[in-house]
Amino acid sequence: MKKAVKTIVFGMLFSGVCFASFANGAGEEFPVAPPPMTEGLFPCSNCHATMEVNRTKRVLKEEHTDIKLHHAETMRWCLDCHDAKNRDKLRLYNGDLINFTESYRLCGECHGPQYNDWKAGIHGKRTGYFMGPGKRTYHLCAHCHDPHQPKFKPIKPEPPPTKPKDS
Amino acid sequence: MPDKRYTRREFLRNASLTALGGLAIPLFSSCTKEEAEDFLQKHFREMTPEEKRQVIAKLEERYAQRYGRKFQISTQEAVPDTLWAYGLELSRCVGCRRCVYACVKENNHSRHDPQLQWIRVLRLKRGNLINLEDSEHYYNPDLVPEKGFIYLPVQCQQCQDPPCVKVCPVHATWQEPDGIVVVDYNWCIGCRYCIAACPYKGRVFNWAEPNIPREEINPSVHYLGNRPRMKCAVEKCTFCVQRVRQGRYPACVEACPTGTRKFGNLLDPNSEMRYIIDRKRVFRLKEDLGTEPKFYYFFEA
């Protein structure tokens, strides 16, 4: 009897877990690596919560001076992507707020074909396990492209192979 | 007086024993017991599970002595219903050679004298993709990508009809059920016919005992893959057989900073490779040779 009860309870628990994970995966969810934040800055609301919102486009002189906006900058300003009221969130075109871990949804609003390829693992990179129970990690768009100036910068190549010796 | 003459039977028996002894003397006198054992070791595909265990134990002990680390040597067989293939997006490769050195590290290559690498990144003039003979792989600018050039990484193409396998006189190299062409380094006699037969320069030869720094050794190896090789063995890319049979991406895929490299199972309709072949413009290198490579180069299309 005890055993039967145990089995039932266990079964219910298990199916609950299944449902929960199913509900999570119902949308499109991707296990991503932690977003690349400048150390010590997040959460942004630490400073911004007490600051007044200034929507004018201007050159930043006190903070964030390292950010050079070079991403359709004639048409864009910080608050197009960062939410004005809650700086710890990003803002989609329809007004929905999302976490930085979901930033691909925001990028995908303009870069549709790349977003589709990214979901399939073609654009960008996935690491870890591609099959079996192991963990697979998606890299966010921002891991490779600086969102403020997304163009790839040239890098230093590794050394060439040694030439065979003349003898 | 008894007849001292040998009978025919006695003569034959003594003669054959002498001959056997004569054959054995060079084997056991000119080399150590260990070398003799290696010489008599069976072909990997003919070993029983018990013999495999013995060989693995012997190797583990030898590697531990040489490199001061405990090795895990896998003999994992091909996963059913898999046929591995590789994708490489030419419009993204910047020629940084990160893949080359990730491969060197993962697969325990000899670092110098001889320096062996399984990936060669060719640099070609833009618009000149077809003329591989004009390619350069010693390029060394300060920064990549350079204007006016494209980069074409080449490694073993894991042909479905591999010429290297056909020419091996001792069957030391063969194609596994998951499509990976492997080498039994112990069975290889070092004739290098396979190197001559490969149209992609996919194989390299250990002209001397490999040099691997002890602290950089990767102790997680596969018998047919990245275990440390020996002088006179031919080696090649195995799509990181030790990783992919466990479901992990190859080392070069994970190292690429631009996400140029893709990997997947051709038999799985949801794999990355099937997505690429269905939707992108793909080509294979030297397709006209009929080697049926499973290495697909593609463009953004």
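This is a predicted model: local features need pLDDT of at least 70, side-chain atom pairs count only at pLDDT 80 or more; totals for chains, interfaces and linings use all residues.
Which residues of E2(B) are buried on one side, and which on the other?

**Entry 1: strand E2 of chain B**

I looked up residues 84-89 of chain B, which form strand E2, and found that 6 of its 6 residues are buried. Sorting them by face, I noted B:Trp84, B:Tyr86 and B:Leu88 on one side and B:Ala85, B:Gly87 and B:Glu89 on the other, so that both faces of E2(B) are covered. I set beside this the general rule that side chains in a regular strand alternate between the two faces of the sheet.

**Entry 2: the partners of E2(B)**

Strand E12 of chain B, residues 295-299, runs parallel to E2(B) and is joined to it by 4 bridges.

Reading the order of the strands, I found an open sheet of 4 strands in chain B, E10-E2-E12-E11, with mixed pairing. Its edges are E10 and strand E11 (281-283), each of which pairs on one side only. Neighbouring strands of this sheet are turned against each other by 30° on average, if direction is ignored. Across E2, E10, E11 and E12 of chain B lies helix H9, residues 272-279, which runs at about 110° to E10(B).

**Entry 3: helix H4 of chain B**

After H4(B) comes B:Asn108, for which I noted a positive phi, near 55°.

**Entry 4: chain B as a whole**

Stepping back, I counted 9 helices and 12 strands in chain B, whose C-alpha atoms fill a box of roughly 100 × 40 × 35 Å along the principal axes. Of its 301 residues, 38% are buried. Among the contacts in chain B with a separation of 6 or more, 63% are between residues 24 or more positions apart.

**Entry 5: chain A**

I looked up where the two chains meet, and found 23 residues of chain A in contact with 29 residues of chain B. The side belonging to chain A has 11 nonpolar, 8 polar and 4 charged residues.

Within chain A I examined helix H3 (residues 103-110) and helix H4 (residues 112-119), whose axes come within 6 Å and cross at roughly 140°. H3(A) and H4(A) are therefore oblique to each other. On H3(A) the contact is made by A:Tyr104, A:Cys107 and A:Gly108, and on H4(A) by A:Gly112, A:Tyr115 and A:Trp118. By class, I recorded the residues of this contact as 4 nonpolar, 2 polar and no charged.

Methods: Residues are numbered from 1 along each chain as its sequence is written. Chains are lettered from A and ligands numbered from 1 in the order in which they are written. Helices (H or I, at least four residues) and strands (E, at least two) are DSSP runs, numbered from the N terminus. Two residues are in contact if their C-beta atoms, placed from the backbone, lie within 7 Å. Ala, Val, Leu, Ile, Met, Phe, Trp, Tyr, Cys and Pro count as nonpolar, Asp, Glu, Lys and Arg as charged, and the others, Gly among them, as polar. A residue is buried if 20 or more other C-beta atoms lie within 10 Å of its own, exposed if 12 or fewer, and partly exposed in between; C-beta atoms are placed from the backbone. Two strands pair if DSSP finds at least two bridges between them. Axes are lines fitted to C-alpha atoms, for helices over the stretch in contact, and angles run from 0 to 180 degrees between N-to-C directions. Angles under 35 degrees count as roughly parallel, over 145 as roughly antiparallel, 65 to 115 as roughly perpendicular and the rest as oblique.
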